[in-house]
Amino acid sequence: MRKRLLLALVASSGLLNAIASSAAIAGPQDFPQVERGRYLAVLSDCASCHTVPGSNQPFAGGRSIETPFGNLVAPNITPDLETGIGSLSDEQFEAAVRKGIRRDGSRLYPAMPYNAYTKMSRDDVLAIRAYLNTLTPVRNAVVANTLPFPFNIRTAMRAWDALYFTEGEYRPDPRQSAEWNRGAFLVNGPGHCTACHTPKTFLGGDKTDQYLRGSYLQGWFAPDITNDARLGLGRWSKEDVVAYLRSGHNRITAATGPMGEVVTLSTSYMTDPDLKAIAAYLKSLPGKSEGPGQLNGNEPPMVAGAAIFRDQCSACHGLDGKGVAELFPSVADSSMVRSDDPTTLIRIILRGARSVATDAQPTAPGMPSYGRQLDDAEIAAVLTYIRNSSSAAAGAVTADQVSKVRQDTATRPD
Ligand code: HEC
Ligand code: HEC
Ligand code: HEC
């Protein structure tokens with residue numbers, strides 16, 4: 001269903017219009033501040049969590065956010081006085097967005113990425129507020145969170161903050177270029193890329209020593225986006241990174257699932273200089289991985305996988321696995337195909353995938369689902385084969401891993 005929700009979200013013109021053009025209805029407010037706030041809200045993707053996919057009430061809250069501890073519902077952040085943020089003072093708004101403190105002084109759960117937004121300045125956050133103030137107030141009382149004990153105790157979040165939260169706006173590194181610093185600010189601040197791409201401790205805090213090295217989330221795996229040659233963006237040019245974030249496609253891969261939503265709502269609206277800054281920053285992050293050796297092509301799963309690939313997959317992905325640029329991913333070059341955690345791959349084969357449509361790339365090609373046609377061992381074999389074809393190497397996928405993802409995703413929306 002996730003796919004449908006996503007498409008519905010994209011199709012909900014109300015939302016896109018609000019994001020793309022609401023500065024036009026700013027009225028008497030300070031136009032430059034409102035416009036700056038609108039763009040910061042795009043960079044921060046505030047709309048994604050605070051809008052029910054498919055509804056035409058952007059920012060009116062009610063979307064359920066899955067966390068490792070249970071589901072949370074994002075509140076209404078339109079300027080409605082009773083059910084929204086209309087009655088918050090600027091101080092209270094800033095405290096919520098940059099410090100994770102609620103209006104009553106208790107703590108927000110870190111599903112609201114205040115630990116990244118703290119890198120924005122007070123001025124930035126008040127600009128976002130000025131923009132939100134221009135929206136039509138929507139009356140929508142949102143039901144409170146449903147976290148199980150003990151995570152329903154907000155005071156526990158004080159301990160969380162002490163462990164994992166460092167308040168403070170971004171300080172540029174004087175040894176680096178202005179472009180690099182802008183990229184670092186975007187990735188770690190408003191863009192909150194770390195929320196999904198940095199592995200988490202059992203309490204959901206960032207494992208800072210594995211910064212952006214890839215993380216499991218909600219039935220997906222968000223891959224390594226450092227410059228690591230095997231698992232990360234080492235074989236992507238800066239232009240490849242920019243194309244992917246702008247259109248959801250490039251010569252290597254396509255965005256789907258949670259990243260598809262990030263692209264449609266946020267990165268596809270970023271300016272070119274900002275996309276280039278993100279690319280320059282990510283490409284500067286050193287990788288570390290020592291890969292396993294390549295599997296021998298005569299091993300039984302490799303032989304079976306090669307045959308399945310030829311019959312079922314090569315029509316789109318090519319016999320050499322190189323695909324067609326911007327249309328069918330190159331499974332031979334995709335580093336995601338070689339992720340240590342194959343969750344996203346298995347999920348894409350089981351359930352199919354539809355990549356995103358953006359202004360820059362209006363057709364979204366689809367990958368069929370093979371969950372009925374191929375059994376767990378066959379899916380494991382074809383994935384083991386593509387992970388070890390061409391020059392690359394990655395651990396074999398087991399039928400057991402496929403079976404786990406099959407069970408896990410059966411109960412999840414697309
Ligand atoms: C990844 C999902 C996510 C994103 C992105 C997000 N939020 Fe939130 N936000 C939440 C959740 C969930 C809560 C409620 C947390 C809780 O109940 O402790 C929340 C709470 C809030 C609150 C507190 C509201 C109140 O009534 O106390 C404000 C204000 C807020 N968000 C504003 C924003 C703004 C502005 C942005 C963009 C800069 C943003 N949020 C982006 C998920 C998100
Ligand atoms: C809500 C979670 C989420 C957020 C936030 C997020 N990503 Fe992702 N990202 C994913 C997932 C999941 C994938 C893998 C799915 C796919 O490839 O379509 C992915 C894939 C990617 C890829 C492709 C990597 C590859 O090897 O194929 C890049 C590049 C990327 N993200 C960059 C970013 C950047 C830059 C940001 C911040 C602006 C960001 N992501 C924010 C979840 C997220
Ligand atoms: C009808 C054309 C078609 C066929 C047949 C097909 N695929 Fe795909 N495949 C796609 C498209 C389009 C995508 C991009 C979808 C997305 O990620 O949103 C894709 C994505 C993928 C990905 C994710 C790669 C990445 O970097 O994002 C993998 C892995 C994959 N396919 C493997 C296979 C395998 C294995 C088979 C055969 C069992 C197969 N595909 C058959 C069209 C096809």
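This is a predicted model: local features need pLDDT of at least 70, side-chain atom pairs count only at pLDDT 80 or more; totals for chains, interfaces and linings use all residues.
1. Gln 218 is not a glycine, yet its phi is positive, at about 40°. With 25% relative accessibility, Gln 218 counts as partly exposed.

2. Asp 45 also deserves a look: its phi is near 55°, a positive value in a residue other than glycine. Most residues other than glycine have a negative phi. Asp 45 belongs to the loop between helix 3 (31-44) and helix 4. Its relative accessibility is 7%, and buried means under 20%, so Asp 45 counts as buried.

3. The largest nonpolar core has 56 residues, and Phe 59, Phe 93, Leu 132 and Leu 282 touch the most other members. Helix 7 gives the largest share of this core, six residues. Because domain 1 (2-164) and domain 2 (178-283) both contribute residues, this core lies between them. Apart from it lies another core of 24 residues, with Val 331, Val 337, Ile 346 and Tyr 385 among them.

4. Lastly, the second largest pocket has a volume of about 930 Å³. Its lining comprises 42 residues, and His 50, Ala 74, Pro 75, Ile 77 and Leu 108 lie nearest its centre. By type, the lining divides into 27 nonpolar, ten polar and five charged residues. Helix 4 (46-50), strand 2 (70-73), helix 5 (90-99) and helix 7 (122-133) each supply at least two of the lining residues.

Note on methods. Residues are numbered from 1 along each chain as its sequence is written. Chains are lettered from A and ligands numbered from 1 in the order in which they are written. Side-chain values use heavy atoms; hydrogens and water are left out. On a 1 Å grid over the protein atoms alone, a cavity is a set of points where a 1.4 Å probe fits but cannot get out, and a pocket is an open set with protein on both sides within 12 Å along at least five of seven lines; lining residues have an atom within 4 Å of a point. Grid points are joined across faces, edges and corners, and a volume is the space filled by probe spheres set on the points. Helices (H or I, at least four residues) and strands (E, at least two) are DSSP runs, numbered from the N terminus. Ala, Val, Leu, Ile, Met, Phe, Trp, Tyr, Cys and Pro count as nonpolar, Asp, Glu, Lys and Arg as charged, and the others, Gly among them, as polar. A nonpolar core is a set of buried Ala, Val, Leu, Ile, Met, Phe, Trp, Tyr and Cys residues joined through side-chain atoms within 4.5 Å. Buried means under 20% relative accessible area, exposed over 50%, partly exposed in between (1.4 Å probe, protein chains only). Domain bounds come from an automatic or database domain assignment.
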